[in-house]
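Subject: Structure handover

Hi,

Please find the structure below. My notes on it follow.

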Amino acid sequence: MGGVTSSVAARLAFFPPSPPSYELVRDAATGLTMLNRFPHRENVEVMTLQTRRGNEIVAVYVRNPMASSTLLYSHGNAADLGQMYELFVELAIHLRVNLMGYDYSGYGQSSGKPSEQNTYADIEAAYKCLEENYGAKEEDIILYGQSVGSGPTLELAARLPRLRAVVLHSPILSGVRVMYPVKRTYWFDIYKNIDKIPFVNCPVLVIHGTADEVVDCSHGKQLWELCKEKYEPLWLKGGNHCNLELFPEYIRHLKKFINTVEKSPSQRNIWRKSMDQFEPSRRSTDCFEPSRRSFDYREKPRYITEKGKNNDYRSGNLEKVEKLRISFDRLDKSRRSVDCLEKSRRNTDTMERARKSVDRLDRIWAGRKPSH
């Protein structure tokens, strides 16, 4: 059954850009490794890391001399480092953090094949590099997971009790729950975030768009409600799955969160008390749209990946995001890929076979009648 499960998971969860958006090149003069699309920056290092599962993954480290925190960013399921590079540089500048991003196995120029277990090994390798090569301490690291990236982020966060913080950007409750409104966790499910979030001890910020048609906003809401240390969430009205960075509230709220978690414990108690007053009012569903009929995925399937129609970016918002210096054209190219399928990857036959595979697994599970 393990092979069947992995096959279904790969079909539904992983869509690495093909061909990759970048190549690795070595500068003849300096011997430094670079992404071929971008000139060398003094504060950016490109490297390859070995994982415990035998794969070699590509990682990018952006240094900010003013930083006291390090952000470990796990991107979405249809992006690679070439498409995330400029955003990483800008986030490091405006949030005043060091930032490491990495490509999952089978993404970009990373070796191996994408799988749930490989992504867990991938984030471990990146975290180990931060500790050993850059001297980052657990209590100074913030894990950031976007969409499918929330899976490896919460897997690691649940095992690190002294983390500074976690950011969940359009997160998923689990792989199957993106497709079906199930009430329990199935044996073949992937990225069981709903079961892991209660074990995260650090402050958690959840960001989700209320008009997300890929991962419903209810995923973010339920994860926030299960957090031990809740921070004021950011529900972006009208935000979809691929454009949250364009809202001025995004960078403003994220910056406020990082400034808060960087404060001393006594100062952080102030926002904890404010959250005690804030939480009851947030239990209302005013900021959420009514449940969509498309939750009956057997009638209208929804996949973990975007359907490629959310490219309505507004250049005017870029100036509002703390004067984020990513041009509309470049940002459209990079953010369009974050959890959005390229048109060449979206053929109907592949998706239909994946849906039927999950239906078969449902019937297999029903026949096994596992004990609770």
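The side chains of Asp-216 and Ser-218 make a polar contact at 2.8 Å (a pair of N or O atoms within 3.5 Å; within protein, one must be able to donate a hydrogen and the other to accept it, and residues adjacent in sequence count only if both atoms are side-chain atoms). Asp-216 sits in the loop between β9 (203-209) and α7 (217-226). Its relative accessibility is 10%, so Asp-216 counts as buried (under 20% relative accessible area; exposed is over 50%, partly exposed in between; 1.4 Å probe, protein chains only). Helices (H or I, at least four residues) and strands (E, at least two) are DSSP runs, numbered from the N terminus.

This is a predicted model: local features need pLDDT of at least 70, side-chain atom pairs count only at pLDDT 80 or more, and totals for chains, interfaces and linings use all residues. Residues are numbered from 1 along each chain as its sequence is written, and side-chain values use heavy atoms, with hydrogens and water left out.

Next, strand β7 (residues 141-146). Six of its six residues are buried, so β7 is largely enclosed by the rest of the structure. Ile-141, Leu-143 and Gly-145 point one way; Ile-142, Tyr-144 and Gln-146 point the other. β7 runs parallel to β5 (residues 70-74), with five bridges joining them (strands pair if DSSP finds at least two bridges between them). Here Leu-72 stands opposite Leu-143. β7 is also parallel to β8, again through five bridges. There Ile-142 faces Ala-165.

Now the cores. The largest nonpolar core has 49 residues (buried Ala, Val, Leu, Ile, Met, Phe, Trp, Tyr and Cys joined through side-chain atoms within 4.5 Å). Leu-72, Met-100 and Val-166 have the most contacts inside it. Helix α3 (residues 116-134) gives the most to this core, with eight residues. Another core lies apart from it, with 39 residues, including Phe-38 and Ile-251.

Last, the backbone. Which residues have a positive phi of about 50° without being glycine? Ser-170 is one, and Tyr-191 is another. Ser-170 is in the loop between β8 (165-169) and α5 (175-179). Tyr-191 is in the loop between α5 and α6 (193-196). Ser-170 is buried, at 0% relative accessible area. Tyr-191 is buried too, at 0%. A cis peptide bond joins Ser-18 and Pro-19, with omega about 0°. Pro-19 lies in the loop between α1 (2-13) and β1 (24-26).

Best wishes
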